[in-house]
Structures are given as structure tokens and as C-alpha cells.
Amino acid sequence: MGSGTRGARGPGRLIAQPPPPRRRGRGAGPAGDKGAARRAGHGAGRGSSMRRADPSHAAGAAPESDAGRAAVAWAYQRFEPRAYLRNNYAPPRGDLSSPDGVGPWKLRCLAQTFATGEVSGRTLIDIGSGPTIYQLLSACAHFEDITMTDFLEVNRQELGLWLQEEPGAFNWSVYSQHVCLIEGKGESWQEKERQLRARVKRVLPVDVHQPQPLGTGSLVPLPADALVSAFCLEAVSPDLASFQRALDHITTLLRPGGHLLLIGALEESWYLAGEARLAVVPVCEGEVREALVHSGYEVRDLRTYIMPAHLQTGVDDVKGIFFAWAQKKIGAGL
């Protein structure tokens, strides 16, 4: 988890990295850093956005909740982005040739939702990006100012490699090609990746367990028109109450009437990222829906995918994936 003060240079712009939060631990985790993994995201791009718990500003959280978040933050210090990517984005889970695979399902959910034209605007924030970019391939045509976030500096560094087209960056071209295919606009995958790189304006630390997940004095234009978050909140929350609070916190970043696209794991209790074995709070479809309603959203779409036996590879105990499209109600308290 580095200092976060090192800027990552992308094509023609600086990806701003503000000074590190006073207490860094695990980034934004489900609070922000996707790489942190699952919070980062289980087959989808786990991000981490959880910082070490600080009882002095726990906003009324119970001491056991502080201890639980601290344990999660400690575990994420061993998170290995490349191991996570191999486990979830290389074959077999990264095989996009079968329409019944988990990768095509996630990309299809995102592409179909953006194709409605309803999820659009100027600014979008990806909460807990982790080391993955696939979750923004359909989004980048609809938003000109995109912020990626993660609690873990190692994940932010991994994102910087791809954004800067550095040698050794993870190769997402198969995902870019697949998105171009299902969108059917005649766009080349190279054009798709160029557009995404141009529209990601900054990569920042995030901590979803803080009332202000991006900290104070953020460089991000707020409130955002849309949020995306994949495999983050459940991966960095020690219990369902923490998951709900994290959702409440990120909702404050979204304008009334804005949209949230949320992807996560169903009934998962752990996953691996190298030497790290990360705990996950198991959630079911009904709990996801209830949490969204509690945070002031209208649930526009909620789909589930059952993980087939051949994709249960021993890197986690996930039973399925959910995709939710939710719209923040006008006048919502958050």
C-alpha cells in the first residue's frame, strides 16, 4: 500500500494520486480498492476499499465492527493482484468463448444496461476498482470523466500499468474484443481501449467504511452521475451491517436520480489472492435488494448467475454472481 503520492502518468494526462489518508490500511476496499480484492471483487474484479478501522471516527459502529474491519484490512495487506487476476480473469473463468461463462454474463449485463441510454452523464466513479478495468468497457462511451478507486496501492499501481500502456500490464484485449462484439457498433477493440484510457481522469484511494469514502478535499467532481462497483462491498465487509453502512457511504457520492451498477458474489465466504485468503460476508439476492432499498434506491434490475461446476476452481467458495441496476431516489436521505 504505497504512499499514493506518486502520480501515474497516462496518455496525455496525470492520474492524480492525493496524499495518503492519515491511516492507510487497506484502502478503499469495499471501501474502495478493488484490488484489495474482493472487496474487491471476486470474479469480477475485486477491489479494495477498506482502511484499517479507526475507532475514533467509527460513526457509532460497535467495537466488534471496528475489530472486524481491522482484521479485514490486515488480511488485505497480503493481497496479490496478479494472483487474483490469474484466478478470475485467465481461463477457465477468463474464457469468453462460451456465452454461458461468467465473464460473458457480466459483460452482457453491463452492455445491455448502458445500451438503454438511461445510465449516462458526465461523471462516473468506479468504487473499489481492484486491478481490473473490464467493468468500465461499456461505460466509457457514456461518461467523459471517470474516476477509478481502490484502497490498495498495489491495485492502483496495476491499473496505472494498463492506463499507461506499460510493458507487463495485464492484457485485457480479449475482454475489449468481446465487449465490441456484443455492443455491435463496429468499433475496434483498440478504439475501445483508447477511449477508456482517455476518459479515466484519476485513480484515487478509497475507503468505503468511512462516511466520506474519498476523504476530504477530493479531486473528484461530486456528486457523480453514476457509480459502478464490482466485487467490493461484500469482500471488504466483516458482516451484513458493515455491508449496509458501506453502501450508505458510497451512496452519498451519487446525485439524486443517479444510477448505481453493482456486481458482487452470492453466498461466498472466502477467496484466494496468492498467499492471502480473504473472508467475504455471504449475501443472498434478497439481502442485496433489501440493502439497496434501505439506502434509498429503486431497484431497476437484479439478475443472478449460478456458478457452474467447471468454474468452481478452488480459489473461492462462491455460489453465484449478482448484477444490480439501481437508481437513487429523488429526495433520498443519503
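Mentor: Helices here are DSSP runs of H or I with at least four residues, strands are DSSP runs of E with at least two, and both are numbered from the N terminus. This is a predicted model, in which local features need pLDDT of at least 70 and side-chain atom pairs count only at pLDDT 80 or more, while totals for chains, interfaces and linings use all residues. Residues are numbered from 1 along each chain as its sequence is written, and side-chain values use heavy atoms, with hydrogens and water left out.

First, the setting. The chain contains 8 helices and 13 strands. It has 334 residues, and 60% of them count as buried (buried is under 20% relative accessible area, exposed over 50% and partly exposed in between, with a 1.4 Å probe and protein chains only). Of the contacts between residues at least 6 apart in sequence, 74% join residues at least 24 apart; a contact means heavy atoms within 4.5 Å.

The helix I will take is α5, which covers residues 173–183. Two packed helices are described by the angle between their axes and the distance between the axes. The axes are lines fitted to C-alpha atoms, for helices over the stretch in contact, and the angles run from 0 to 180 degrees between N-to-C directions.

Start with helix α3, residues 102–115: α3 and α5 meet at an angle of about 50°, and their axes are 10 Å apart. The two are therefore oblique to each other, given that under 35 degrees is roughly parallel, over 145 roughly antiparallel, 65 to 115 roughly perpendicular and the rest oblique. On the α3 side the contact is made by Pro-104, Leu-107, Arg-108 and Ala-111, and on the α5 side by Tyr-175, His-178, Val-179, Ile-182 and Glu-183. Sorted by class, the contact of α3 with α5 holds 6 nonpolar residues, 1 polar and 2 charged (nonpolar are Ala, Val, Leu, Ile, Met, Phe, Trp, Tyr, Cys and Pro; charged are Asp, Glu, Lys and Arg; the others, Gly among them, are polar).

Next comes helix α6, residues 189–199, whose axis lies 8 Å from that of α5, at an angle of about 105°. On that angle, α5 and α6 are therefore roughly perpendicular to each other. From α5, Ser-173, Ser-176, Gln-177, Val-179, Cys-180 and Glu-183 take part in this contact, and from α6, Trp-189, Lys-192 and Glu-193. Here the classes are 3 nonpolar, 3 polar and 3 charged. Val-179 and Glu-183 belong to the contact with α3 and also to the contact with α6.

Now look at burial within α5. Ser-173, Tyr-175, Ser-176, His-178, Val-179, Cys-180 and Glu-183 are its buried residues. These pack against α2, α3 and α6. Directly after α5, Gly-184 has a positive phi of about 65°.

In the loop that runs between α2 and α3 sits Pro-92, and the peptide bond from Pro-91 to Pro-92 is cis, with omega near 10°.

Back on α6, Arg-197 is part of that helix. It counts as buried because its relative accessibility is 9%. Its C-alpha atom is 8.9 Å from that of Cys-140, which is 57 residues away along the chain.

Most residues other than glycine have a negative phi, and most peptide bonds are trans. Glu-165 counts as exposed because its relative accessibility is 53%.

To sum up, α5 is oblique to α3 and roughly perpendicular to α6, and its buried residues pack against α2 as well as these two.
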